[in-house]
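Subject: Structure handover

Hello,

Here is the structure we talked about. Please open it first, then read the notes below.

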There are 2 protein chains.
Amino acid sequence: MAIYVLRLGHRISRDKRISTHCGLVARAFGARGIFYSGEKDTSLEKSINSAVREWGGHFEIKHVNNWKRFIKDFRGQKIHLTMYGLPVQKTIPKIRKPRKDILVIVGGEKVPGEVYQLADFNVSVTSQPHSEVAALAIFLHEYFQGMELTRKFNNTKRKVIPQERGKKVIQP
Amino acid sequence: MAIYVLRLGHRISRDKRISTHCGLVARAFGARGIFYSGEKDTSLEKSINSAVREWGGHFEIKHVNNWKRFIKDFRGQKIHLTMYGLPVQKTIPKIRKPRKDILVIVGGEKVPGEVYQLADFNVSVTSQPHSEVAALAIFLHEYFQGMELTRKFNNTKRKVIPQERGKKVIQP
């Protein structure tokens, strides 16, 4: 059982940082990889890959040309995060039951209407406008029931030792 | 008892969208306002204020010139979100006990060392690099124990009626 994220409609000039945050959140909160459609962005891929090299774990980032085909072909449950969907706190138990792979779809400004149809669940994290980064984090946090917060990452070059004040980083 | 957010070191060119997401998350997840230091950005303020006008609730955004003075003068608990701090799942019970106002401090790339000293708690949401937007959302979600997900906003011009597919927005 693995979770992947699909970030729709990436635009280099506008979305670089938000998409990077989506990728880093996906990794830190236990997803196996992020796919993105829109403009191919080697700098985005480098940022994510370098975080994986430094901080460990198995995580991949890949560009997809045809998002529609990609969603259709994905074997598993397709979850679209949108402020217009059904509340996460009500849908999570249904999503957690079938032990299938999951694709979490996060959009940008304008999500094509088809995405709502292709998804098995349209899920909202509050019905307020906020952030795909936050929605993704809360969805994964609820899915893993907080267990992702203590997740270990192997093959790491750096590891933080939590401190009351200041920074402590070791090289394990 | 109210929660406020302080976003450190905003730079218009680089941080506009991330700071906007921080502001929208602060509002959607139950904070009363966001303060920000760094460059004053009227376009950031407009984005947040227009979301408040459309979607309701009481929420303010204000620029602060002297973040150090601001943190020192804040009456209440000062929480600094950082991947180097103590785990959120362990610190939240201690933070929740004294029913005082809370200032949640989120940094950008480089946070001055003094922030770690001025904070009552340095708190991490995982010890992995990810996103201040996600860290803020998870902190507020844990603080409010998920109750923020069903929060009602008054004085709203628009309201989403959650749907299985598509969008339904009413004007209450």
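Which residue stands opposite B:I34 in strand 3 of chain B? The residue is B:I61. Please keep in mind throughout that this is a predicted model.

**Around that pair**

Strand 2 (residues 33-38) of chain B and strand 3 of chain B are joined by 4 bridges, in the parallel sense. The chain gets from strand 2 to strand 3 of chain B by way of helix 2 of chain B. This β-α-β crossover is right-handed.

**The sheet in chain B**

Chain B has an open sheet of 6 strands. The order is 3-2-1-5-4-6, and the pairing is parallel. Strand 3 (60-63) and strand 6 (121-124) of chain B are the edge strands, and each pairs on one side only. Neighbouring strands are turned by 30° against each other on average, direction ignored.

Strand 1 (residues 3-10) of chain B runs parallel to strand 5 (residues 102-106) of chain B, and 5 bridges join them. Within that pairing, B:I3 stands opposite B:I102.

Two helices of chain B lie across these strands. Helix 6 (residues 132-143) of chain B lies across strand 1, strand 4, strand 5 and strand 6, and runs at about 155° to strand 5 of chain B.

**The sheet in chain A**

Chain A also has an open sheet, with 6 strands in the order 3-2-1-5-4-6 and parallel pairing. Strand 3 (60-63) and strand 6 (121-124) of chain A stand at the edges. Each has a single partner strand, so one side of each is left without a neighbour in the sheet. The twist averages 30° from one strand to the next.

Strand 1 (residues 3-10) and strand 5 (residues 102-106) of chain A run parallel, joined by 5 bridges. A:Y4 stands opposite A:L103 there, and A:L6 has A:I105 as its bridge partner. Strand 1 of chain A also pairs in the parallel sense with strand 2 (residues 33-38) of chain A, over 5 bridges. In that pairing, A:H10 stands opposite A:G38.

How many of the 8 residues of strand 1 of chain A are buried? The count is 6, so strand 1 of chain A is largely enclosed by the rest of the structure.

Helix 1 (residues 12-28) of chain A sits between these two strands in the chain path: strand 1, helix 1 and strand 2 of chain A make a right-handed β-α-β unit. Helix 4 (residues 88-96) of chain A lies across strand 4 (77-87) and strand 6 of chain A, at about 165° to strand 4.

The same surface serves both copies, with 100% of the contact residues of chain B recurring in chain A.

The contact takes 39 residues from each of chain B and chain A. On the side of chain B that touches chain A, helix 1 (12-28), helix 2 (42-55), strand 4, helix 4, helix 5 (113-118), strand 6 and helix 6 each supply at least two residues. Helix 1 of chain B gives the most, with 6 residues. By type, that side of chain B divides into 20 nonpolar, 15 polar and 4 charged residues.

**One residue to look at**

B:T20 is in helix 1 of chain B. Is B:T20 buried or exposed? B:T20 is buried, because 24 other C-beta atoms lie within 10 Å and the cut-off is 20 or more. Leaving aside neighbours within four places in sequence, B:T20 is in contact with B:L44, B:S47 and B:I48. B:T20 and B:E109 are 89 residues apart in sequence, and 16 Å apart in space, C-alpha to C-alpha.

Best wishes

Technical notes:
Residues numbered from 1 in each chain as written. Chains lettered and ligands numbered in written order. Predicted model: local features only at pLDDT ≥ 70, side-chain atom pairs only at ≥ 80, totals over all residues. Contact = placed C-beta atoms within 7 Å. Pairing = 2+ DSSP bridges. Axes fitted to C-alpha atoms, helices over the stretch in contact; angles between N-to-C directions. Buried ≥ 20, exposed ≤ 12 C-beta atoms within 10 Å, placed from the backbone. Right-handed = clockwise from strand over helix to strand, strands pointing away. Nonpolar A, V, L, I, M, F, W, Y, C, P; charged D, E, K, R; others polar.
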